[in-house]
Amino acid sequence: MKSIIRLYHLLITVIFRIKRFLRLTALSNCDQRILLFHEVDIADEGRFIAQIDSCSKNWSFIDPSKLNIEADESSPSSTRELILTFDDGFSSDFRLAQNVLNPRGIKALFFVIPEFVDLKTEEDKSLFVSNRLYPGAKPSRIPTHLRSMNWEQISILSRQGHTIGSHSSSHKRLSSISDEEELAREIVRSRQLIEEVIDKKVEHFAFPFGNLSSISLRSLQLARENYKYVYSGLRGSNHEIPPGFVLRRETLHPWDPKGFESAILNGGADSRFRNSLSVLDCWCQEISDKANPQC
């Protein structure tokens, strides 16, 4: 699967470069994108650094705590803002924050899973990764670096100025949950548990898996009611989207081909997600004003 994804991302990169060479694609001077990483093995740290430094050349990393998608006429007309996020709360996140992000003054947003953090035994941790994060993977083949940060590390990140968000209580596919109490545990209780540890309000929620099939209208409504910002895993720009709508994110892996980060940040893969985003946007509109019953 990894080789297939990398080949597809290479194709996106090549097509983007050809379009740029032929001047078929114009680069926007004003945009807001959100990067999404998962685990970064220590062997891939050098490539991660190269990607972050590459992005920094043409984009400005902003503090997630200062995120504001409301139109601001007083802000510069030509800005390319980038927010860095990490899903699942893997232990590599803490290492990267200390070794890479803090020295560069980059603040990131870390989405953690309370039940994953609470696990004690190696067997339970491997089973969780196999059952919830990478369904189908054999527990015996789960590498040891795929472990959660502990609560102390999460607290340290918060004290260092990074932002902590919820990735649900147990990383279940929320679209498969119909029981209201269970859905509330995943979305609402997860926020409360994190707040008890970091002693700060949690305003950010990222849907597990992040694709349209993992999101339901009810889970979206509950997330919107309990968080200021809600995130998907669908690619796209966040420039000038209505407040309260689901934010788009650009998934990036340290093993992606060189230049892929530039391609996706400039919209090289946006078209693939337009249909899914139109559904999500319609749900958001329906939740806001109940004016679109046909959606």
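A: First, a term. Helices and strands here are DSSP runs, numbered from the N terminus; a helix (H or I) has at least four residues and a strand (E) at least two. The model is predicted.

Q: Using those names, where does Asp88 lie?
A: Find the elements on either side. Asp88 lies in the loop between β3 (80-87) and α3 (91-104).

Q: Is Asp88 buried or exposed?
A: Compare its accessibility with the cut-off. Buried means under 20% relative accessible area. Asp88 is at 4%, so it counts as buried.

Q: What does Ser168 show about phi?
A: Ser168 is a residue other than glycine with a positive phi, near 80 degrees. Ser168 sits in the loop between β5 and α7. Its relative accessible area is 0%, so Ser168 is buried.

Q: How do I check the span of helix α7?
A: Take 1.5 Å a residue, then compare with the distance between the end C-alpha atoms. Helix α7 covers residues 180-198, which is 19 residues, so it should span 27 Å. Its end C-alpha atoms are 27 Å apart, which agrees.

Q: Where does α7 bend?
A: Look at Arg189. There α7 bends by about 35 degrees.

Q: What surrounds Arg189, leaving aside its neighbours within four places in sequence?
A: Contacts tell you. With those neighbours set aside, Arg189 is in contact with Ser169, Ala184 and Glu196. Arg189 has 33% relative accessibility, so it counts as partly exposed. Arg189 and Met1 are 188 residues apart in sequence, and their C-alpha atoms are 34 Å apart.

Q: Which residues of α7 are buried?
A: Among them are Glu182, Leu183, Glu186, Ile187 and Val188. Further along α7, Ser190, Arg191, Ile194 and Ile198 are buried too.

Q: What covers the buried residues of α7?
A: Strands and helices both take part. The cover includes the strands β4 (108-112), β5 (163-166) and β6 (204-206). It also includes the helices α4 (114-118), α6 (151-159) and α8 (217-226).

Q: How much space lies in the largest pocket?
A: About 1,300 Å³. Its lining has 42 residues, and the closest to its centre are Ile5, His38, Tyr134, Thr251 and His253. Two elements give two or more residues to this lining: α1 (2-21) and β1 (31-37). The largest share, five residues, comes from α1.

Q: How does the lining of the largest pocket divide by class?
A: Sort the residues by side chain. The lining of the largest pocket has 21 nonpolar, eleven polar and ten charged residues.

Q: Where is Tyr134 found?
A: Tyr134 is in the loop between α5 (122-133) and α6. Its relative accessible area is 29%, so Tyr134 is partly exposed. Leaving aside neighbours within four places in sequence, Tyr134 is in contact with His38, Glu39, Phe90, Val129 and Leu146. Tyr134 and Glu180 are 46 residues apart in sequence and 25 Å apart in space, C-alpha to C-alpha.

Q: Is His253 buried or exposed?
A: Apply the cut-off of 20% again. His253 has a relative accessible area of 18%, so it is buried. His253 lies in the loop between β8 (250-251) and α9 (260-265). Not counting residues up to four places away in sequence, His253 touches His9, Phe37 and Gln51.

Technical notes:
Residues numbered from 1 in each chain as written. Predicted model: local features only at pLDDT ≥ 70, side-chain atom pairs only at ≥ 80, totals over all residues. Heavy atoms only, no water. 1 Å grid on protein atoms, 1.4 Å probe; cavity = no way out; pocket = protein on both sides within 12 Å on 5 of 7 lines; lining within 4 Å. Points joined across faces, edges and corners; volume = space filled by probe spheres on them. Nonpolar A, V, L, I, M, F, W, Y, C, P; charged D, E, K, R; others polar. Expected span 1.5 Å × (residues − 1). Bend = angle between axes of the 7 residues up to and from the residue. Buried < 20%, exposed > 50% of the residue type's maximum accessible area, 1.4 Å probe, protein only. Contact = heavy atoms within 4.5 Å.
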